[in-house]
Amino acid sequence: MANTRDIRRRIKSVKSTAQITKAMELVASSKMKKAQDQALSGRRYAEELNKMLMHLALDEGELDASPLMNVREVNRELFIVISTDKGLCGGLNTNLMRLVMEEQSDITSFVTIGNKGKGTLARSKKDLLADFTVSDPVIFKEVKAVTNFVIRKFESGEVDRVKVAFTNFINTISQRPWVKTLLPVDPSSITEKKDFEGMSKGDDLSDVYDQVPEAGYIFEPNAEKVFAMILPHYLNYQLYQMVLEARASEHSSRMVAMKSATDNAKEMIDDLTLLYNKVRQAAITSELLEITTAQMALE
């Protein structure tokens with residue numbers, strides 16, 4: 001059985017660990033709130049952007065004119081993997097990479113955002129084309145660089161399909177890995193509900209067809225050019241929202257993991273304190289017995 005000195009050292013060590021995990025829990029909680037606020041602040045913008053695309057989509061001829069909507073035979077596929085830069089966030093990255101490995105094939109190449117995904121793919125000897133770093137809080141300009149990169153790959157014909165793997169934020173204790181097709185753009189996807197927009201269920205914009213004013217819309221210089229300009233921005237914003245989802249999921253998962261670690265540390269401290277008291281009591285009892293035995297021997 002350990003002596004009281006060893007137990008005191010263990011209690012001190014566990015208390016120090018508990019202080020660290022508690023501090024990390026509070027930091028993750030603060031960052032999670034900021035990530036949610038950042039995503040929620042763009043919800044109105046996302047809604048108006050989708051409505052504008054819907055009005056433009058009324059002219060099927062203009063839709064077919066965009067090279068970003070060309071559906072081709074898939075000979076080469078590109079995955080954008082959005083993971084975390086740091087660990088200590090439970091099984092978040094493990095679950096995401098498991099889904100990526102299930103969805104990928106021999107024709108898949110990868111672009112990563114986050115060190116954990118890059119490390120896993122590098123160890124698996126996958127075809128890694130590029131790695132991007134995104135700040136926290138997320139900066140739109142940095143995400144736009146990723147979108148521009150994959151758009152160039154798609155338009156040049158180097159890849160025929162682009163998918164994004166990220167962790168969708170459902171609530172504080174629930175996050176789900178998800179794979180979403182980014183390119184080519186599916187016209188029907190513009191109206192579908194997107195759970196990853198606004199950190200909650202998105203708006204069903206299919207009724208936009210019935211909301212066109214009597215006078216209609218006038219696009220300058222014309223609908224084709226406006227659509228050509230808005231569609232890349234729509235893709236930028238889609239990827240931006242996905243990165244926000246991944247960041248909110250990261251901080252949420254880390255907060256829950258650190259809270260669990262703190263609670264476990266407190267339980268361990270209680271168990272060690274009880275053990276310390278038992279050992280100390282046993283030592284006192286042993287000393288008393290030795291004193292009593294010695295006194296009886298002297299008599």
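**Cavities and sheet**

1. Two cavities of 30 Å³ or more are counted. A cavity is a set of points on a 1 Å grid over the protein atoms alone where a 1.4 Å probe fits but cannot get out; its volume is the space filled by probe spheres set on the points, which are joined across faces, edges and corners.

2. This is a predicted model, in which local features need pLDDT of at least 70, side-chain atom pairs count only at pLDDT 80 or more, and totals for chains, interfaces and linings use all residues. Residues are numbered from 1 along each chain as its sequence is written, and side-chain values use heavy atoms, leaving out hydrogens and water.

3. The second largest cavity holds about 40 Å³. Its lining (residues with an atom within 4 Å of a point) includes Ile82, Thr167, Arg247 and Glu250. Helix 4 (92-103) and helix 7 (223-298) each contribute at least two lining residues; helices are DSSP runs of H or I, at least four residues, and strands are runs of E, at least two.

4. Five strands make an open, mixed sheet in the order 3-2-1-4-5, where pairing requires at least two DSSP bridges between two strands. Strand 3 (128-132) and strand 5 (174-183) are the edges, each with a single partner strand, so one side of each has no neighbour in the sheet.

5. Strand 4 (residues 161-171) and strand 5 run antiparallel and are joined by nine bridges. Within this pairing, Lys163 has Thr181 of strand 5 as its bridge partner.

How values were computed: On a 1 Å grid over the protein atoms alone, a cavity is a set of points where a 1.4 Å probe fits but cannot get out, and a pocket is an open set with protein on both sides within 12 Å along at least five of seven lines; lining residues have an atom within 4 Å of a point.
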